[in-house]
Amino acid sequence: MSSTLKIKRNRPFLGTFVEIEIFYNTTQHNEEYVIDAIEKTYNYIKHLEFTLNKFDKNSEVFYLNHNQFIDNPSRDLRNIIKIASYISKITDGFFDITYN
């Protein structure tokens with residue numbers, strides 16, 4: 001018999017709490033599979049938090065801000081800059097990621 005279950009986790013990241021809630025069908029996935037997916041998602045968020053940390057001297061953003069360039073930025077950083085540039089454009093510069 002199939003049933004739909006929910007798993008919810010909440011952890012501090014990015015200066016706030018990130019909550020992940022997954023509803024899953026027990027005939028398609030088991031609880032272990034869903035918990036593993038949540039852990040992988042939190043690991044990725046942790047990676048992004050490090051990559052984008054302007055205060056951590058080992059992060060790409062810190063390096064970029066202090067050197068005004070970066071050789072071979074990660075795909076994540078390139079994507080974030082691309083999205084931020086687009087948002088800056090559509091808000092007429094109201095949202096601006098440049099470092100002063």
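Reader: In which helix does T51 lie?

Author: Helices (H or I, at least four residues) and strands (E, at least two) are DSSP runs, numbered from the N terminus. T51 lies in helix α1, residues 31-51. Residues are numbered from 1 along each chain as its sequence is written. This is a predicted model, in which local features need pLDDT of at least 70 and side-chain atom pairs count only at pLDDT 80 or more, while totals for chains, interfaces and linings use all residues; side-chain values use heavy atoms, leaving out hydrogens and water.

Reader: What is the mean pLDDT of the protein chain?

Author: pLDDT is the predictor's confidence in each residue, from 0 to 100. The mean for the protein chain is 92, and 98% of its residues reach 70 or more.

Reader: Is T51 buried or exposed?

Author: Buried means under 20% relative accessible area, exposed over 50%, and partly exposed in between (1.4 Å probe, protein chains only). T51 has a relative accessible area of 3%, so T51 is buried.

Reader: Which residues does T51 touch?

Author: Contact means heavy atoms within 4.5 Å. Not counting residues up to four places away in sequence, T51 touches S59, E60, V61, S74 and L77.

Reader: Where is I97 found, and what does I97 touch?

Author: I97 is found in the segment after α3. Leaving aside residues up to four places away in sequence, I97 touches I81 and A84. I97 counts as partly exposed because its relative accessibility is 40%.
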